[in-house]
Structures are given as structure tokens and as C-alpha cells.
Amino acid sequence: MNATHSTSTKTYDVVIVGSGIVGLGAAYSAARRGLSVRVIEHSTRPTGASIRNFGHLCIGAQQGEARVLAEAGRETWLRLSQDAGFWLRESGTLIAARHQDELDLIEAAAADGGITLFSADEFADRTPVARKVLVGGARITGDLQTHPRTAAEKIAAHLEALGVEFSYRTAATSVGKGVVHTTRGSVHAGQVILAVNQDIDRLLPDIAAEAAVQRCVLDMLRVQIPLSRSLDAPLLTGWSLLRYGRFESLDEVHPVRARLHAARPDLAAIDLNQMYTQLPDGSVILGDTHHRDPAPLPFQAEDAQQVLIDEAHELFGTPALRVIERWQGMYASGIDEFLDREVVPGVRAIAATTGIGMTCGFGLAERAIDRAFAATESEPASTPGLRADSATQSIPAAQKLFTAQSSKEETA
């Protein structure tokens, strides 16, 4: 993953800024159309949200636009796992219910299908969760799990084999209609896709501010823990049900939230999503906390990390665990689930802004490519107020000349 390209007179069909899952998804969608593609990446490998997560593709817990995009990306994940050769399993998602109100909420969601319910004994027989803490459980069918630290690099290598060009250690400094200006010169394109996650404020500060995009940082750990049996799917708890649209939208969520927040205000204060995934080597990812800030400090409180350890002990009934790694996750957080807009003709900015980029990123990226080339084929009128010479302008200057469309466009 060391390919670089200096300034070229070649004009690509698509130039993508960012090689996280969303950017790679856009490159894959474009390459499958037979288009020429170049990816601009400031680092030498994926180091952001695409490798710092649980590897959980939580499709069945979404609703609305997120569910549509998650379902659209599912087949891409399955196809790429075979073609690019990375680990992925059709695991579903486990949910441990430790209180009757949590089970009531799960049962209400199960009315729409795709969720299998279990008694406490049945769930304990299938999972390493301690029987004494359970009142029941469930499995969301159709969800996937991958290894976040290997998937992105394998996908990038596969894309290079398909003819996609990558420019690593190359930072985009500004973009305009048909051009991306970088630290290695200018790159020309018919369409530009910006997929830079929380760093959207560095290229499009006005749009980032309008969409209230800031950085959400997470405390996460990887541990060795003596589980009673393997964890064969990502595992959610009652705290998780407060976060995902399929559950959070139901009236039955209110008693769950009220009880959890009253019983553990300390966990509510760190915005806990208590969940777990087990990697192929047997280690377990624990997480996670959430703190939002435009420029969060890198310091991680040991108390928050200890909470994650303590909660794991209680859930699994284990006496000890060994921390292998600690890290700070990070993703874009905004007022909507997604940022998806054409900022000037031929330049589109996309991001998952609720921490579900692995789940919805491929669907979001494919939709962006579809919209970009549908717009090209229909030859829309120029944006009112945008000067004819804007092809040579950078976006930060050009932004002020037009009113950006809503970030919540109707799902295609």
C-alpha cells in the first residue's frame, strides 16, 4: 500500500478523497461500472474509524434510511469478503436482556420479523453470558461480523488489482468542480467524492458547521477473558438498545432508558454502549464510551476504562481479564444520520455521522456514485449563483456562492 502518483494530465472519471470504508466503497462501486478511479489518502494505510471499531455490521437494528443503506451494502460485504479474501461471518447479533423492560422492548421490535427470541436458559446455553443476570435474550438475523483491522487493507489491495489508483501520503488541500488540489499537485476528475469522515471540517468548514459535524471519541479495549464458551456473534445489552433506531423509536424504550439512567447515572454520563465482539484469535473487544467535541483531547480517563472492565466481569461472571490494548475510537457525529450532498456540481460529500459507517458505508457510497453519474447523464442546470469560472475555485471560497441542499435527501 505504497503507491503514489504525482500531478498528471490524466482526467479520471472519479477521484475519491479518503480510503476508509466509505471511500473504498465508492471506489469499488465506480470500478464495477468500468470507470477510471483514483483515491487520495493522506496516510499510508487505514488508521481511522474503519479499523477502530467492533467489526459489527449491525443491519437489522437500523430503521429508515439507515436500514435501506445497510441492506444495500450487505451483499457488497459478502462479495468482497470472497473476492478480497478477508474474514467475515454471517453471525447475526445477540442481545442479552437483563431486565423485563429490556425483554419487552426486544419483543416489540421482533414483531417486525428478523429477530429470534430466547428464554434465559436458552440464551445462556448459546452464549457466555452468566445465567444469573439474564431474563431472556434474542438474536437479530442477517447481521455480519468482520475483522476491522484486516478488512480495509484487503479491500484496498483488491481495488488496486482491479485498476484503481491510490495516492498515499497525499493530502487534499482544497477541491473544486473537476479538480482536487493536493500536496502532490492537482488531480482532475469528472466527479469528485469526498469521504473523509470527521475531517470534513478541514475541507468544507461551512458545510461541517451547518450539519453540526463534530468528533465523537470512544474508549475501547481488547482483552483476553476466560469465557465459558465462544461468543459467536456481536453481543448487545440494554444500553445498546437506547442507540439503534429499530429499538430507540419504540415506546417501550422509555422505561428502559429511565431505569438505566436512574440506576447508573455514571454510565449514562459516559454515554455507554455496552457491547462485545470476539475476534478470530479469541480476544474480545470491549466498549464503548462516547464524548463529542469539535476538537476532543486525546486523554482517556482510567475510570471510564475500568467501568468497561467491571461491566464485562458482571455480564460474563468471570473473575479476571487481561487488557491487551486500549485505544481511542473516533467518528463523525452530526445532527442527522448521514451527510450526503452535492456541494458544487461534480463534487459530492458523504459521511455516516452516527457511528454506523461500517454498517451503512457501502450502501451510502454506492448511492453517491449512482447520484453522481445520474446527474452527469441528465446534465442539470448549473447551481444558481455559482460563477461560470468556478471550475478553478477551491470549495472553501466557492461555498459562499450557493445555498447547499439538505443533507437528508430522499433515499433513492
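**Salt bridges and burial in the predicted model**

The side chains of R243 and D271 meet in a salt bridge with an N to O distance of 2.8 Å, a salt bridge being a side-chain nitrogen of Lys or Arg within 4 Å of a carboxyl oxygen of Asp or Glu. R243 lies in the loop between α8 (238–241) and α9, and D271 in the loop between α11 (265–269) and β15 (275–278), so the pair ties together parts that are 28 residues apart in sequence. Both partners are partly exposed, R243 with a relative accessible area of 27% and D271 with one of 25%; here buried means under 20% relative accessible area, exposed over 50%, and partly exposed in between, with a 1.4 Å probe and protein chains only. Salt bridges that share partners also join E65, D340, R348, R367 and R371 into one network.

The structure is a predicted model, in which local features need pLDDT of at least 70 and side-chain atom pairs count only at pLDDT 80 or more, whereas totals for chains, interfaces and linings use all residues. Residues are numbered from 1 along each chain as its sequence is written, and side-chain values use heavy atoms, with hydrogens and water left out.

A search of the whole structure finds 27 salt bridges. One of them is formed by R259 and D101, whose closest N and O atoms are 2.7 Å apart. This pair links distant parts of the chain, with R259 in helix α10 and D101 in helix α3 (residues 100–110), 158 residues apart; helices (H or I, at least four residues) and strands (E, at least two) are DSSP runs, numbered from the N terminus. R259 is partly exposed at 23% relative accessible area, whereas D101 is buried at 10%. A further salt bridge is found between R341 and E210, with the closest N and O atoms 3.2 Å apart. Here R341 in strand β18 (residues 322–344) is linked to E210 in helix α7 (residues 205–210), 131 residues apart. R341 counts as buried at 2% relative accessibility, while E210 is partly exposed with a relative accessible area of 46%.

In helix α3, D101 belongs to a set of buried residues that comprises D101, E102, L103, L105, I106, A109 and A110. The buried residues of α3 pack against the strands β5 (93–97), β6 (115–118) and β7 (136–140), and against the helices α8, α9 and α10. V196, in the loop between β12 (185–194) and α6 (200–203), is likewise buried, with a relative accessible area of 17%. When its neighbours within four places in sequence are left aside, V196 is in contact with V17 and G18, contact meaning heavy atoms within 4.5 Å. The C-alpha atoms of V196 and G20 are separated by 7.6 Å, although the two residues are 176 residues apart along the chain.

E252 is partly exposed, with a relative accessible area of 32%, and lies in the loop between α9 (245–248) and α10 (253–263).

For the protein chain as a whole, the secondary structure comes to 14 helices and 19 strands, and buried residues make up 55% of the 412 residues. Of the contacts with a separation of 6 or more, 76% are accounted for by residues 24 or more positions apart. The accessible surface, from the Shrake-Rupley method with a 1.4 Å probe, comes to about 16400 Å², of which 49% belongs to carbon and sulfur atoms.
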